[in-house]
Amino acid sequence: MLKKIKTEPIPERVLEICRIISRKKAISEKELIAIFEPHFLVGSSQSIFSHVKEAAFELKLINENDEGNLELAVDKNVLKNYDTFRRYCNSVMYEDANTEYFRIARCIVDSNDELFSCGSFTSSQTIKTYIYKHSGIHPEPKRTMEGIRFWISFSGLGFIQDSSSTTEDKVYLPNAYVALKDFIVLSELEKMHEYTVHEFVDKIYKYANILLHNALETQTFNLAMSNALRQLHDNKEIELIHRLDSAEVWNLFENESHSVVKKITHIKYKGVK
């Protein structure tokens, strides 16, 4: 899991350091630094290596052997491409609900549409105040929000993109389609099987708990999860079903423009693409 949020260990850098290590059975830290980091950064206050290495350890991608050298701790296929790397990271990033990253990410995912008009995601004081109120963590300095932006986008918990205004604001769009697809694959759902919504949530909860805060208690999905489910439905990867005689009804975040407005009772899994 990720713990402290920093800007230096962006996903691309973590992937690169793992690929360097994977090309050798084991590598000393000194040799790795020489390959990974520009020489003018080594040992300087601008050095990024220690931060990237720390993130790779936290994500259980690398470890240290008895000789003090660094080794890859996962199958090389994890590093095959960006999708396989992301799916692996999504399998471990949300194991600990007490980390700084998890608490801030859950706060953002649970925000529904409350952040739309609050200014730039990375600099708005309104958004920082919201995060502190709901997570108990001060997202300062600005680099914390930059780091959150990188990892939320990478993980697929939503899209953070330029707004349509002339202010170059970054706006969080709550749609966890990419992350939910990973969580479903990791959960090994049975294709063409129809689950009650409760059964579906139970099946994916181990990996998807970041999206399901209070969902079991309220039988209600937040906007990020609702948008993800609707997109899966539109892509015919799942079918969202409302059976009138079902004893248990769950609620999506209401969207009157979609064929599935709010209520569902079952989810048929057809297979993610």
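At what angle do helix H1 and helix H2 pack, and how far apart are their axes?

Modeller: Please keep in mind throughout that this is a predicted model. Two packed helices are described by the angle between their axes and the distance between the axes. Helix H1, which covers residues 11-22, and helix H2, which covers residues 29-36, pack at an angle of about 125°, and their axes are 11 Å apart. Angles over 145 degrees would count as roughly antiparallel and those from 65 to 115 as roughly perpendicular, and H1 and H2 are therefore oblique to each other. The crossing in which H1 passes H2 is right-handed. On the H1 side the contact is made by Arg13, Glu16, Ile17, Ile20 and Ile21, while H2 brings Leu32, Ile35 and Phe36. Sorted by class, this contact of H1 with H2 holds six nonpolar residues and two charged ones, with no polar residue.

From this pair one can turn to the nonpolar interior. In soluble globular proteins, nonpolar side chains tend to be buried together. Here the largest nonpolar core has 85 residues, and those with the most contacts inside it are Val14, Leu61, Tyr101, Leu157, Leu211, Phe221 and Leu229. The element that gives the most to this core is helix H5, residues 100-109, with seven residues. For Leu211, once its neighbours within four places in sequence are left aside, the residues in contact are Val109, Leu157, Ala176, Leu180, Phe183, Asn222 and Met225.

Two of these partners of Leu211, Leu180 and Phe183, are also among the buried residues of helix H8. Helix H8, residues 177-187, is mostly covered, with eight of its 11 residues buried; besides Leu180 and Phe183, the buried residues are Tyr177, Ala179, Lys181, Asp182, Ile184 and Ser187.

Most residues other than glycine have a negative phi, and most peptide bonds are trans. Just after H8, however, Glu188 takes a positive phi of about 55°. Met192, though not a glycine, has a positive phi of about 65°, and its place is in the loop between H8 and strand S5, residues 193-196. Asn214, which is not a glycine either, likewise has a positive phi of about 65°; it is found in the loop between helix H9, residues 197-208, and helix H10, residues 215-218. Asn214 counts as partly exposed because its relative accessibility is 38%.

Methods: Residues numbered from 1 in each chain as written. Predicted model: local features only at pLDDT ≥ 70, side-chain atom pairs only at ≥ 80, totals over all residues. Heavy atoms only, no water. Core = buried A, V, L, I, M, F, W, Y, C linked by side-chain atoms within 4.5 Å. Buried < 20%, exposed > 50% of the residue type's maximum accessible area, 1.4 Å probe, protein only. Helix = DSSP H or I, 4+ residues; strand = E, 2+ residues; numbered from the N terminus. Contact = heavy atoms within 4.5 Å. Axes fitted to C-alpha atoms, helices over the stretch in contact; angles between N-to-C directions. Parallel < 35°, antiparallel > 145°, perpendicular 65-115°, else oblique. Left-handed = near helix turned anticlockwise from the far one by under 90°. Nonpolar A, V, L, I, M, F, W, Y, C, P; charged D, E, K, R; others polar.
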